[in-house]
Amino acid sequence: MGQVFKAFLKLPTTKVGMITAVLFQLIFTVIWMTGYQGMTDRIDRLNVAIVNGDERMGAAIVQNLKENLPVGVKTDMTLAEAQDMLQNREVQMIVEIPADFASAAQSQEPAVLNYFINESNPVMIKNMMTSVADTITAGVNKQAIAGGLTGILSTQGKLPAEAAQTAAGVLSERVVSNVESVNVVEGMNNQMVPMMMVLASYVGAMIMGQNFQVSSMALGARFGRWQRMAVRLVVTAAASVVVSLVGTSLVAAFGGQMAHGFLALWGFQALFLLTFMFVAQMFLFLFGMAGMLFNILVLSVQLVSSGAMMPRELLPDFYQSIGSIFPATYAVDGLMNTLFGGPSAGGDAAALLLILAAALVLIVGSTALRRDKAPVPPVVAAAEA
């Protein structure tokens, strides 16, 4: 047993396996602890659009919200313009002050503030915006409504000042919220699909690339580098179509949402999966098996920076910037549009094609810089066959 133990520990693959396990701990801990640090301190990077339709009280309410909300505030737009911004994730919520807001409050009817939240986002966005909506309603109740209606009722002479104050106090408790969700996500299982598809796709691309690298090395003495590269890339492209079909079919089989249909999801997954495969193999073409270390690093960075779990707006500047050069960011954004609803994924597809093309250039370039192994004599090749 002792000899087997020593022999096992001496094998290079045993050492590499242990080192890889340690590197996973190191890389993921450093990246995730630094990437998610201080996220709640950056809530001011989220934006709320305020559409004011009330000429009597709206301006005072908007000004109050600008001064007190912990998030950014965008104004001076129509509801249609704000809804376009919400769909494109330029704002995280719309607050609409209806035209009859003041008159409804004066008539002792509930004065309604309308909120629109796009659920086609990381789940943290919905939770944070719901909390912000509660804060807005409470602030309007306590400050804008009570103070504004006291002046309105007393100056119009319909009520004495004391009675107006009493009425305003009652009305300040009558403002209600009407929250409407767009691109509704049906359950946490669907909410997690973008992260699941990205994680499964890149890990699968890594492992497939590692095995393709071993196969390519095994054929190195029998076939030229250009032949091996061409076959490897063709098989990779074919695999992306088949594997994405399996993935999309499984999502459909388990009742996953597909706002833009099965074919749109399959096509988009095939594209970002192919991009993942090319990027993962790019590191192997450049650095050999050591490229797997880069793949582990890139996997961790992409999970943090892509917005699959936490909003990208809340990440440190470094992770926001680096996320823009990796494919997972565009895969997540396009998946949310394709799965839950939103604008076309055409822009994300274009970004993925650009990254794919860059990876392909590096693959071809690294192949050009290598030399083929000495050819195996025919007699030896026949014997090996």
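Which residue forms a salt bridge with R45, and how far apart are the closest N and O atoms?

**Figure 1. Salt bridge between R45 and D317 in the predicted model.** The partner of R45 is D317, and the closest N and O atoms of the pair are 3.0 Å apart. R45 is located in the loop between α2 and β1 (47-52), whereas D317 belongs to helix α13 (residues 317-323), so the contact ties together parts that are 272 residues apart in sequence. With a relative accessibility of 30%, R45 counts as partly exposed. This salt bridge is one of three that the structure holds.

**Figure 2. Salt bridge between D333 and R89.** In this pair the closest N and O atoms are 2.9 Å apart. D333 is part of helix α14 (residues 327-340) and R89 sits in the loop between α4 (79-87) and β3 (93-97); the pair therefore ties together parts that are 244 residues apart in sequence. D333 counts as partly exposed, at 27% relative accessibility. R89 has a relative accessible area of 12% and is buried, because the limit for a buried residue is under 20%.

**Figure 3. Salt bridge between E119 and K126.** The side chains of these two residues meet at 3.1 Å, N to O. Is E119 buried or exposed? E119 is buried, its relative accessible area being 7%. For K126 the relative accessible area is 33%, and this residue is partly exposed. Side chains of opposite charge can pair when their charged atoms come close.

**Figure 4. Nonpolar patch on the surface, formed by F5, F8, L9, L11 and M18.** Together, these residues have about 520 Å² of accessible area. Which helix contributes the largest share of the patch? Helix α1 (residues 2-10) does, with three residues. M18 is located in helix α2 (residues 12-35). The relative accessibility of M18 is 53%, so this residue counts as exposed, the threshold for that class being over 50%.

Figure 5. I325 lies 26 residues from A351 in sequence. In space, the C-alpha to C-alpha distance between A351 and I325 is 9.0 Å.

Technical notes. Residues are numbered from 1 along each chain as its sequence is written. This is a predicted model: local features need pLDDT of at least 70, side-chain atom pairs count only at pLDDT 80 or more; totals for chains, interfaces and linings use all residues. Side-chain values use heavy atoms; hydrogens and water are left out. Patches are made of residues with over 30% relative accessible area and no salt bridge: like charges are joined within 9 Å, nonpolar side chains (Val, Leu, Ile, Met, Phe, Trp, Tyr) within 5 Å. Accessible areas come from the Shrake-Rupley method with a 1.4 Å probe; for residues, only the protein chains shown count as cover. A salt bridge is a side-chain nitrogen of Lys or Arg within 4 Å of a carboxyl oxygen of Asp or Glu. Helices (H or I, at least four residues) and strands (E, at least two) are DSSP runs, numbered from the N terminus. Buried means under 20% relative accessible area, exposed over 50%, partly exposed in between (1.4 Å probe, protein chains only).
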